[in-house]
Amino acid sequence: MAGEAKPALQAMGGAVVDDGPTGIRAPDGGWGWAVLFGCFIITGFSYAFPKAVSVFFKELMHEFGIGYSDTAWISSILLAMLYGTGPLCSVCVNRFGCRPVMLVGGLFASLGMVAASFCQSIIQIYLTTGVITGLGLALNFQPSLIMLNRYFNKRRPIANGLAAAGSPVFLCALSPLGQVLQDHYGWRGGFLILGGLLLNCCVCAALMRPLVAPQPSGGSESQAPQRPSRRLLDLSVFRDRGFLIYAVAASIMVLGLFVPPVFVVSYAKDLGVPDTKAAFLLTILGFIDIFARPTAGFITGLKKVRPYSVYLFSFAMFFNGFTDLTGSTASDYGGLVVFCIFFGISYGMVGALQFEVLMAIVGTHKFSSAIGLVLLLEAVAVLIGPPSGGKLLDATKVYKYVFILAGAEVLTSSLVLLLGNFFCIRKRPEVAQPEVAASEDALHKPPVDVGVDSREVEHFLKEQPEKNGEVVHTPETSV
């Protein structure tokens, strides 16, 4: 049976170099908690850092004699590198493994900020803080998610939720820290110290210990399991209807998802709210987000809920879009506070579920390639979304229309995922059923370690919730 599994694994591709032999069960604990801690920190740096550097923008404008739009490109380039280098990260992980890629990424992230502290023009800061640091964060973010989900299967939803909580936690911490550093050391000293902090990404990389399969009792080299062949980037995911639907829905969602947090403070100021109270809206949103993400992960991990994680993700997007539409009617500060509370809940749900659902759709073997391609598609959308909202605001001078546009985009994405899942993803070809059935029969034979391909994982997650987490997964387990 093991011999039959090898050709199938070779056909699937997507295995990474630091993977051990097939048949490794995700430990769902043990060293996995250290991996989760590292992923929490990496996620926090990756998502919060592009926003946190904005506290230095005024000093940069004064130093180089530029406008706000020029400094805003720093955050835009950081986000573009984080999302747009997804396929590059997939190739690196599939070629060298997660830990080496993350170590190099941590060095790049730190080097970019240290070099930026010596820059003499804004173009140099684009290249250092934007390109080099952005690339370093990208080389940490994607591999950390892959490692997290090799270590967690049964508890994967709650693990993803806890890791995703790093984003709001670090945002609440890095922004005040950046302000303190700027006040005491100026922007150059602040960049230098932040560069030192980013070296912690290398510490997190050291925590990403590859899973190792137990040695066979016979001791014979011929009996030792072999690693499957590797593909640098598995483009066969585009033949998966589920992946295509998810990629389209996620790209549409990102067009509007990040727009409200960008404009809510200006919206409040336009209503006559003082600057301090207006800025507090983001604190409220982030505080709610901290608790929403692990809570959503816990709920998704329940035995009766997990098989319907795709529908829960669709509901989270619908909830977020509906919140944007109702928030457009806010006419005072109290209304915006209520909006931020509900937006924080829905935003946290989306953040906790997006990678869990992608894993459920594409399966374990293809995730390292699938996430890179999805992030690339989202990179285009994340560059279009906020600027399009800004152009609409310039044309109409009415914030209400910006929130309506964002809400309509997110609502559309929820309908694409819901209808696509109902009509396409769940309806697999009949020819696949005998393979799934044969694999399920094999799972009941204790002496044999059997690899599980992506269709079996998806069938397992959606159709057999009572056995969730008991299947023997391969070491390619991802988000």
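Analyst: We begin with surface patches. A patch is made of residues with over 30% relative accessible area and no salt bridge, and like charges are joined within 9 Å. Keep in mind throughout that this is a predicted model.

User: Which residues form a positive surface patch here?

Analyst: Lys154, Arg155, Lys303 and Lys304 form it. Take Lys303 as the example: its place is the loop between helix H13 (275-300) and helix H14 (309-327). Lys303 counts as exposed because its relative accessibility is 54%, and the cut-off for exposed is over 50%.

User: Which residues form the nonpolar patch on the surface?

Analyst: The members are Leu415, Leu418, Leu419, Phe422 and Phe423, and together they have about 470 Å² of accessible area. Leu419 is in helix H17 (residues 399-425), and Phe422 lies in helix H17 too. With 47% relative accessibility, Leu419 is classed as partly exposed. Phe422 is also partly exposed, with a relative accessible area of 47%.

User: How do I read a salt bridge?

Analyst: Side chains of opposite charge can pair when their charged atoms come close. In this structure there are four salt bridges. One of them joins Glu356 to Arg156, with 2.8 Å between the closest N and O atoms. Glu356 belongs to helix H15 (residues 333-362) and Arg156 to helix H8 (residues 156-164), so this pair ties together parts that are 200 residues apart in sequence.

User: Are the two partners, Glu356 and Arg156, buried or exposed?

Analyst: Glu356 is buried, because its relative accessible area is 1%. Arg156 is buried as well, with a relative accessible area of 1%. The cut-off for buried is under 20%.

User: What else does Glu356 meet in a salt bridge?

Analyst: The side chain of Glu356 also meets that of Arg306, at 3.6 Å from N to O. Arg306 is in the loop between H13 and H14, while Glu356 is in helix H15, so the pair ties together parts that are 50 residues apart in sequence. Both Arg306 and Glu356 are buried.

User: Going back to H8, how many of its residues are buried?

Analyst: Seven of the nine residues of H8 are buried, which leaves the helix mostly covered. Among them are Arg156, Pro157, Asn160 and Gly161.

User: How should I read cysteines?

Analyst: Check the distance between sulfur atoms: a disulfide is a pair of cysteine sulfur atoms within 2.5 Å. By that rule there are zero disulfides. As for individual cysteines, Cys172 is partly exposed, with a relative accessible area of 34%. Cys340 is buried, with a relative accessible area of 0%.

User: What should I know about backbone angles?

Analyst: Most residues other than glycine have a negative phi, and most peptide bonds are trans. Asp28 is not a glycine, yet its phi is positive, about 55°. Asp28 sits in the loop between helix H1 (2-12) and helix H2 (32-52). At 12% relative accessibility, Asp28 counts as buried.

User: How far apart in space are Leu171 and Leu282?

Analyst: They are 9.8 Å apart, C-alpha to C-alpha, and 111 residues apart in sequence. Leu171 is in helix H9 (residues 166-197) and counts as partly exposed at 28% relative accessibility. Another pair to compare on screen is Leu419 and Ile245, which are 174 residues apart in sequence and have 9.4 Å between their C-alpha atoms.

Definitions and conventions. Residues are numbered from 1 along each chain as its sequence is written. This is a predicted model: local features need pLDDT of at least 70, side-chain atom pairs count only at pLDDT 80 or more; totals for chains, interfaces and linings use all residues. Side-chain values use heavy atoms; hydrogens and water are left out. Patches are made of residues with over 30% relative accessible area and no salt bridge: like charges are joined within 9 Å, nonpolar side chains (Val, Leu, Ile, Met, Phe, Trp, Tyr) within 5 Å. Accessible areas come from the Shrake-Rupley method with a 1.4 Å probe; for residues, only the protein chains shown count as cover. Lys and Arg count as positive and Asp and Glu as negative; His and the chain ends are not counted. The place of a charge is taken as NZ of Lys, CZ of Arg, CG of Asp or CD of Glu. Helices (H or I, at least four residues) and strands (E, at least two) are DSSP runs, numbered from the N terminus. Buried means under 20% relative accessible area, exposed over 50%, partly exposed in between (1.4 Å probe, protein chains only).
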